[in-house]
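Hi everyone, thanks for coming.

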Amino acid sequence: MRLAYLIKQKSYEKIEHVLRRHPITFIPYVFLFLLIISLPVGVYFMVSAIFPIFLDREGTYVLAILLASAYYLVSYVLFYTQFVEYYLDMWIVTNDRIVDIEQLGLFARSVSELDLFRIQDVTTDVHGFFSTIFHYGDVTVKTASSNVGIVFRNVPNPNKVREDLIRLSHEDRKYHFGG
Amino acid sequence: MEIPLYIILFLYFVFLSVFASFYLVIAYHIATSASFTLASFFMSFFIFAITILTLYGTMELLTGVDFQQSLFTLDLSLFSPR
């Protein structure tokens, strides 16, 4: 499916940015995954050392193999799900609106839209050692209505995103209200 | 009553079908959210490859096992009235 179809792109609309979270924010999940898949190896060596006859019986051997296989497959699905949650979170900025797509697990998704001319305030927040070194952070977009806002989480180059949003919102306001 | 070893194998196949359905749901999400890019392709390929490797390893380790043998025996006489 193309992006234009996903956001029902209008004829005059031009996609300016397609933003996702910085790849470095996925690194901790990679390490967690590596830790999880190394656990059965440790358990195997422990069981072999403490209960050496446990795996001699064919019934327990088959049970152990199938349980380990199931454990690995479950960990793959969980890792893949985590990737989908990370990768399918995106913010699409056009010359007319912002579309915020948030994937919440496998069976829930939240989509918000905000017209650019309604933007009152754009704030960037770069917080932490890795955020500073790798130039990623949060961009909070607020409107005049206090209960409507969009947060771009951990996007790369948040200051450039902020500047572009302000520029685009000015242009969109000129288009809607003239002057 | 003897419980044969292939019962665990059937349970494992049921689990595999659930796993496959999750995999298909994830692939569907990637396809329908305009996220089929190089990154998602490589991740999907990686997950698919390690899944195949795991299943192959499982099959290799279980080669030569006699699944007709009994896992354990249930003594039903314990539950019958005297």
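Let's start with helix α3 of chain A, residues 58-87: it has 30 residues and reaches 43 Å from first C-alpha to last, close to the 44 Å expected at 1.5 Å a residue. That expected span is 1.5 Å times one less than the number of residues. Helices here are DSSP runs of H or I with at least four residues, strands are runs of E with at least two, and both are numbered from the N terminus.

Quick housekeeping: this is a predicted model, where local features need pLDDT of at least 70, side-chain atom pairs count only at pLDDT 80 or more, and totals for chains, interfaces and linings use all residues. Residues are numbered from 1 along each chain as its sequence is written, and chains are lettered from A and ligands numbered from 1 in the order in which they are written.

Back to the helix. Which residues of α3(A) are buried? Among them are A:Val62, A:Ile65, A:Tyr72, A:Phe79 and A:Tyr87. Buried means 20 or more other C-beta atoms lie within 10 Å of the residue's own, with C-beta atoms placed from the backbone. And what do they pack against? In chain A it's β1 (15-20), α2 (27-50) and β3 (97-103), and in chain B it's α1 (6-32) and α2 (38-61).

That takes us to the two chains together. Here 23 residues of chain A are in contact with 29 residues of chain B, contact meaning C-beta atoms, placed from the backbone, within 7 Å. On chain A's side, the largest share, 17 residues, comes from α3(A). By class, that side has 18 nonpolar, 3 polar and 2 charged residues. Nonpolar covers Ala, Val, Leu, Ile, Met, Phe, Trp, Tyr, Cys and Pro; charged covers Asp, Glu, Lys and Arg; the others, Gly among them, are polar.

Now, the sheet. Three strands of chain A form an open, antiparallel sheet in the order β5-β6-β7. Pairing takes at least two DSSP bridges between two strands. β5 and β7 of chain A are at the edges with a single partner strand each, so one side of each has no neighbour in the sheet.

Strands β5 (119-125) and β6 (136-143) of chain A pair over 6 bridges, and A:Asp121 sits opposite A:Lys142 in β6(A). Another 6 bridges join β6(A) to β7 (149-156) of chain A, with A:Thr140 opposite A:Val151 in β7(A).

Note on methods
A residue is buried if 20 or more other C-beta atoms lie within 10 Å of its own, exposed if 12 or fewer, and partly exposed in between; C-beta atoms are placed from the backbone. Two residues are in contact if their C-beta atoms, placed from the backbone, lie within 7 Å.
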